Amino acid sequence: MYSSLILIVFGIVGNLISLIVFLNAKNHLPKINGSSYMITLTITNTIYLLVYFYSNTLNRMAYNFDYSTDMPNNFFSKINLFNVNNNICKLFAYLKNSSRLLNILLTLTFSLERTIAIYNPLFMRKFRPRKVFIIKMLTFFSLISESYMFLFTETVDNKFGLSKKAVSYTHLT
């Protein structure tokens, strides 16, 4: 529980530092070819880490704190909406899976673009104006392809005892 909290904090801090560097590099440093991919990847990673923190780490902390004390209405129980509302549960599953898919697609596209730049640098001049369009299409694709999460996920009682309800989408990912 606490190891994931440490990783999430370091990941968010690292992503924010990377975002600041990439956004300030446009004014002060030479233009980096992959900066648009990296900015989008940093934002997507941060969204994934925040959703993971809220849906998993905070959920475990609330469970441990609820059953280690005799206070049923503590701070963790009040902010833990993940277990209360079915739609919020589905939204978090959707955000988690769509950001995970977008991370994979952006990493693949960035690697492919760098490979083309090394092996065929003249082709990259034609490819450069299309980067923003490609990023928008990848984002659209990841958001649309994970929309089934709203239709085919349900909340169920968790047999492991981590929460009162859990999303039954683990078999889909």
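Trainee: What percentage of the 173 residues in the protein chain do buried residues make up?

Mentor: This is a predicted model, in which local features need pLDDT of at least 70, side-chain atom pairs count only at pLDDT 80 or more, and totals for chains, interfaces and linings use all residues. Residues are numbered from 1 along each chain as its sequence is written, and side-chain values use heavy atoms, leaving out hydrogens and water. Buried means under 20% relative accessible area, exposed over 50% and partly exposed in between, with a 1.4 Å probe and protein chains only. Of the 173 residues, the buried share is 36%.

Trainee: Is T40 buried or exposed?

Mentor: T40 lies in helix α2, residues 35-68; a helix is a DSSP run of H or I with at least four residues, numbered from the N terminus. Its relative accessible area is 17%. Because that value is under the 20% limit, T40 is buried.

Trainee: How many aromatic pairs does the structure hold?

Mentor: Rings of Phe, Tyr and Trp (its six-membered ring) pair if their centres lie within 6.5 Å; planes under 30 degrees apart count as stacked, over 60 as edge-to-face and the rest as tilted. The structure holds three.

Trainee: Which kind of pair do Y37 and F110 form?

Mentor: Y37 in helix α2 and F110 in helix α4 (residues 86-119) are 73 residues apart. Their ring centres are 6.1 Å apart, with 65° between the planes, and the pair is edge-to-face.

Trainee: Why is the pair of Y54 and F92 stacked?

Mentor: Y54 is buried at 18% relative accessibility, and F92 is buried at 14%. The ring centres lie 5.0 Å apart, and the pair is stacked because the planes are at 20°.

Notes. Helices (H or I, at least four residues) and strands (E, at least two) are DSSP runs, numbered from the N terminus.
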